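I want to look up a sheet and a marked site today, and jot down what turns up.

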Amino acid sequence: MTSLGQNLKINSDRLWDSLMDMAKIGPGVAGGNNRQTLTDEDAKGRALFQSWCEAAGCTMGLDTMGNMFARREGTDPDALPVYMGSHLDTQPTGGKYDGVLGVLGGLEVVRTLNDLGIKTKHPIVVTNWTNEEGTRFAPAMLASGVFAGKHTQDWAYAREDADGKTFGDELKRIGWVGDEQVGARKMHAMFELHIEQGPILEVENKDIGVVTHGQGLWWLQCTVTGKDAHTGSTPMNMRVNAGLGMARMTEAAHQIAMAHQPHAVGAVGHCDVYPNSRNVIPGKVVFTVDFRSPDLEKLTSMRAQYEVKAKEIADELGLGLEIEPVGHFDPVTFDEGCVSAVRSAAERLGYSHTDIVSGAGHDACWINDLAPTAMIMCPCVGGLSHNEAEDISKDWAAAGTDVMLHAVLETAEIVA
C-alpha cells in the first residue's frame with residue numbers, strides 16, 4: 001500500500017509546461033486565449049489533449065456531444081471510474097487557465113501515477129466537457145447538461161451562434177462527433193479543479209478553496225422591440241427607443257440584485273443592438289440578464305421581480321418585450337464525502353484552505369446530480385477571469401493539482 005503522505009506530489013514543471021503549450025493554440029490579442037467551442041482552434045486543442053492522453057497510456061472515448069474521456073484502467077474491471085475534468089474552450093477574450101487547469105491538472109495526476117507506478121482499484125478518467133463557456137452556443141455547460149439529462153441532444157444540436165451556425169453542424173464540421181451515447185457512462189465520483197474566478201482566496205492568503213456549494217443561476221434573454229428612426233429628425237416624444245428600454249431594464253437588474261443582499265448578484269453582460277448605427281434610434285435590442293445566488297428563494301424572487309419590472313418599463317415606453325430563459329440551474333450542495341476528501345487532502349499536504357461557495361457555474365454542478373462530486377479551487381490574481389489578463393502562479397496550480405491527486409487516490413483506492 002502506497003502512503004498518501006506529504007511527499008506524494010505532482011510534477012509542477014510538467015503541468016506548467018502543458019498549460020503554456022495549450023495556450024499556444026488559439027492565442028488572444030492580449031496574452032490570453034480565444035479558443036471558442038467548436039472552432040478550428042478548439043479542434044486543435046482537442047487533438048493535442050488526445051495525443052498527450054494516449055502518450056500517457058489512456059484510451060480515449062468520445063460521445064455524441066463531443067465530450068472527451070481519457071481512461072486509465074483500474075485493477076477491478078467492475079469498479080466504476082473516478083472522474084476528473086473541466087473544459088478546454090474559452091471566452092472570446094479568455095485566459096489561459098479557466099477550465100484548462102482542471103483538464104490538464106487531471107492529465108498530470110495520471111502522469112504522476114504512471115511515474116510512481118501507482119495502481120488504483122477504480123479506473124480514473126480525465127474529461128474535457130464540450131461548450132462549458134456557452135459564449136458561442138448558449139447556454140453554458142451545454143454538453144455536461146445533456147450528459148446529465150438537463151437538455152435533450154436534439155435541442156443542444158439546434159443551438160445557434162451569432163452567425164446562425166448550429167452546434168450540431170459545427171461539431172460535425174470539426175470532426176469531433178463520437179459514437180458513444182451521451183450520458184451512458186456511470187461514475188463513482190467526480191472532482192473538478194478550477195481557478196476561483198474571484199478574489200477571496202488571494203485576499204485571505206489561502207492556497208485552496210474547498211468548494212461546498214455552487215450558486216444557482218438564471219440567464220434571461222430579453223428581446224426589446226421599438227421602432228428604427230432617425231436620431232436627428234425624430235421628436236423626442238415620438239420615439240419608440242428600444243435602447244432606452246434596455247438601459248432602464250439594466251438598471252432594474254442591478255437594483256433588484258441589491259435589494260436581495262447578501263449573497264445575490266445580477267447584471268447585464270451581453271447585448272446586441274439593431275441596427276447599431278450612430279444615427280438610428282435602436283428598433284430592437286437583445287440582451288441577457290444574469291442573476292445568481294446560493295439561496296434558491298432569492299434566486300427565484302429575483303427572476304420573478306425582474307419579469308414584472310421589465311414589463312412595466314416596456315409598457316411605459318410603448319415597447320414590445322419577450323423574456324426567454326436561456327440558462328438555469330438551482331444552487332448546488334456538493335457531496336459531503338468528496339468535499340471531506342478535498343479538505344483532508346489539503347490538510348495532509350499542509351496547504352492553507354477555506355470553505356468557499358463557487359460564484360460561477362461549472363460542469364461539476366450538473367454532474368453532482370449523477371454522482372458524488374466536489375470542486376477544488378486555487379487563487380487567481382486579483383480575482384480576474386474571463387479576461388486575457390487572467391493569471392495564476394505555478395505554485396497555486398501545483399497546490400490545487402496536488403490536492404486533486406490525493407482526493408482522487410483516496411476515492412479510487414490505491415492497491416499498489
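**Ground rules.** I'm working with a predicted model, where local features need pLDDT of at least 70, side-chain atom pairs count only at pLDDT 80 or more, and totals for chains, interfaces and linings use all residues. Residues are numbered from 1 along each chain as its sequence is written, and side-chain values use heavy atoms, with hydrogens and water left out.

I looked up the strand order and got 9-11-7-12, an open sheet of four strands with antiparallel pairing. Strand 9 (265-274) and strand 12 (320-329) are the edges, each pairing on one side only. From one strand to the next, the twist averages 15°. Two strands pair if DSSP finds at least two bridges between them.

How many bridges join strand 7 to strand 12? I found nine, with strand 7 covering residues 216-225 and the two running antiparallel. I also checked Thr 223: its bridge partner in strand 12 is Glu 322.

**Helices on the sheet.** Helix 8 (residues 242-259) lies across strands 7, 9, 11 (284-293) and 12, at about 5° to strand 11. Helix 9 (residues 296-317) packs on the sheet too, touching strand 7, strand 9, strand 11 and strand 12, but its direction makes about 155° with that of strand 11. The angles run from 0 to 180 degrees between N-to-C directions, with axes fitted to C-alpha atoms, for helices over the stretch in contact. Contact means heavy atoms within 4.5 Å.

**The marked site.** An unreviewed UniProt entry puts "binding site" at Asp 98, Glu 133 and His 386; such annotations may be inferred rather than shown by experiment. These three span 289 residues in sequence, yet no two of their C-alpha atoms are more than 9.6 Å apart, so they gather at one spot.

Is Asp 98 buried or exposed? It's buried, at 5% relative accessible area (buried is under 20%, exposed over 50%, partly exposed in between, with a 1.4 Å probe and protein chains only). I found Asp 98 in the loop between strand 3 (82-86) and helix 3 (100-116). Leaving aside neighbours within four places in sequence, its contacts include Glu 133 and His 386.

Glu 133 is buried as well, at 7%, and sits in the loop between strand 4 (124-128) and helix 4 (142-147). With the four-place neighbours left out again, Glu 133 has contacts including Asp 98, Trp 219 and His 386.
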